[in-house]
Amino acid sequence: MAAGMIVRELFLWWISAIYLFAFTSFYLQIPGLYGKNGIIPVDNQLDMKQAKDPSKAFSSTPSIIWFINAYGFTSEQSLELLSIAGMLISWFAMITPRVRNAATYFALWIFYLSIYKVGFIFLWFQWDILLLEAGFLTIFVAPFTLLRSRKVEPQAHDNLTLWLIKWLLFRLMFASGVVKLTSECPTWWKLTALTIHYESQCIPTPLAWYAHQLPVWFQKLSVVMTYVIEIALPFLFFSPIRNLRLIAFYAQILLQILIILTGNYNFFNLLTIGLCISLLDESYLQKWFTTTNTKPIHNAPDESQTSLQRVIEWIKWLVTVWVILLLCYWIQRLFTIRFMHSNQPVTCQIAFTKANFNSALVSVMPITIWIGSISLTIEILATIKNSIMTQDDIVRKCCITLRSSVYILAAIVLFCISLNTHCVLDPKLQKSLSPVIKKWYDGSKNFELTNPYGLFRSMTGVGGRPEVVIEGSASMSSGWKRYEFYYKPGNVRRSPPIIFPHQPRLDWQMWFLALGSYDHNPWFKSLLHRLLTNQKEVIELLEYNPFPDKPPKYIRSKLYHYHYTRYDFNRGYVGLFNTSQSWWRREFKRDFSSRVSVDDRDLHATLHRYRMNIHTNGNVKKNWMIQFLEQVRMILRQGPVTPIFLAIFVAAITVNVLNGLL
């Protein structure tokens, strides 16, 4: 029997929740980001001439919005329709396994791909492409049936398809660790990155302030453990010994939870935790998730088998201890960890050079491919065995074998395609890949089936996190008032927010803006124009508009450097229950943009050049579906973001608990 049906069901439930978060978060921001009065009117951006031939348009930009628009919808309405449909489908997939099938997850994937392809700069994030890749693999993990029975049944290929998830997790974590060193960022090499990270990350949580106060020796040791978790432990993902896989599993979970506690990274960390589910096995999860719909695994060996199993278990424990000791040895050797040295509890420093690391990486990269290939081969053989050893009649056995063959072929192709992006870490190895693999990759690239990853490649905010502050005034010489965003730092006395799994895409883009320049961010000029005209949809993305009745005549932006305040022992904790101390201090650096008015020529030239002028739809006939979209928008626009997320998610959890179907 194929193991992994509980693992499969838990993973499918988790991915459904991630889709729910992603679609809900995006839907709440559509009018301000992509509406006719939004920052980037999506109808202006799309070449509407192509809409006359949706099939041709889809071939260049794979988005079903082309087909929806053919029925009289605007692109903004199409985005809303896809988001609402995604929310509903993912919500139902959470509450009942009967709809957790390949068709459901194909719909969720194509909906999100359609949104991503027309989302432009506000969707250019690694977690969006990670969700697309994981979402596509989920189509193969889910049972291939239109409507499942209430009874949870195993599939012969369950472990094979879950292996694809495991391989994605390996690529994600390994690359995230490696790029920190290949980027040659001084803070990562000096192990001081976390002394800056908590302060400089996009949207920190309140706990990030406290984490920033931790001593330098602790921050350096934390960087060392980050390297171990991201670079070394992922190799244990493919271990046949469960204890080693569990060590890797809990280490990854710990890292993701710590990131969640100290940073608002939307659904990214939850998605990574979901990928970690592939490291678990059936018998381990059965202790926690056995239900009336899952068959328990019974092992009834005789005494000779029991004795043999005991010997095998002892060997596994010895190997586990040996691996742990070996890991500790190399950690100490590579990072020169010393205790009670130089008046510090712990000291550490990297004991290898950049040349040493690059040479080791060149040697290790082919090994990662061999590990992946051998592990995949083992899963393929297990799938063939599961298909042949089924107790069904000969006809059904042939059908199962044929279906498994399709999944095996798909797994091989997807693995080969992923090698092109995995080998980005070693360009020479990437060039040596078979032309067939490159051809497969080029043919699938437009569908985001596989992507390179590498989070926190270099540490920004050294010397202070840059922040752009927007101000408006009715006079050129005085009366300047500051706009406040909901989540990014502004008011130095305001506590950092807790907003995950929501991603405020404008606030995130403002963080990237501060790292760039005014002239190279045309979307920011569009934002200033919308503020100069008090466009309601854009104003709703901000927490405070100092000109609610009449828009300002002039607007400007300034660049500040923000720093966390230090802990004051005399004044007590600054925190959720004490606002006597500021969370931030800031210093003015320079003007980010000069003052502009609504008639500014450069502003209008930019809007025209990048097709960001306010879009006029003309007289659009409102059918019942358009009226439905408007009603839903009116209802959800009334409340803040967090309660909406909680209400939708808690409703699904409540149904799960009532049905006993988690």
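Predicted model: local features only at pLDDT ≥ 70, side-chain atom pairs only at ≥ 80, totals over all residues.
Take α7, residues 102-117, and α8, residues 126-141: their axes come within 8 Å and cross at roughly 155 degrees. That's past the cut-off of 145, so α7 and α8 are roughly antiparallel to each other. The crossing of α7 past α8 is left-handed. Who's touching whom? On the α7 side the contact involves Ala 102, Tyr 105, Phe 106, Trp 109, Tyr 112, Leu 113 and Tyr 116. Over on α8 you've got Asp 128, Ile 129, Leu 131, Leu 132, Gly 135, Phe 136, Thr 138 and Ile 139. Sort the residues of that contact by type and you get twelve nonpolar, two polar and one charged.

Now the second pair, further along the chain. Helix α22 covers residues 505-514 and α23 covers 522-532, and they pack at about 125 degrees with axes 11 Å apart. These two are therefore oblique to each other. Here, too, the crossing is left-handed. From α22, the contact uses Leu 506, Gln 509, Met 510 and Leu 513, and from α23 it uses Trp 523, Phe 524 and Leu 527.

You'll find Leu 79 in helix α6, residues 75-95. Is Leu 79 buried or exposed? Leu 79 counts as buried, because its relative accessibility is 0%. And what does Leu 79 contact, if we skip neighbours within four places in sequence? Phe 26, Ile 30, Tyr 34, Val 42, Ile 65, Ile 115 and Val 118. As for Gly 443, that residue is 364 residues from Leu 79 in sequence, and the C-alpha to C-alpha separation is 26 Å.

Cys 202 is buried, at 2% relative accessible area. Then there's Cys 423, whose closest cysteine sulfur is in Cys 416 at 11 Å, so that's too far for a bond. Cys 423 counts as buried as well, with relative accessibility at 0%.

That's my tour, thanks.

Conventions:
Residues numbered from 1 in each chain as written. Heavy atoms only, no water. Axes fitted to C-alpha atoms, helices over the stretch in contact; angles between N-to-C directions. Helix = DSSP H or I, 4+ residues; strand = E, 2+ residues; numbered from the N terminus. Parallel < 35°, antiparallel > 145°, perpendicular 65-115°, else oblique. Left-handed = near helix turned anticlockwise from the far one by under 90°. Contact = heavy atoms within 4.5 Å. Nonpolar A, V, L, I, M, F, W, Y, C, P; charged D, E, K, R; others polar. Buried < 20%, exposed > 50% of the residue type's maximum accessible area, 1.4 Å probe, protein only. Disulfide = S-S within 2.5 Å.
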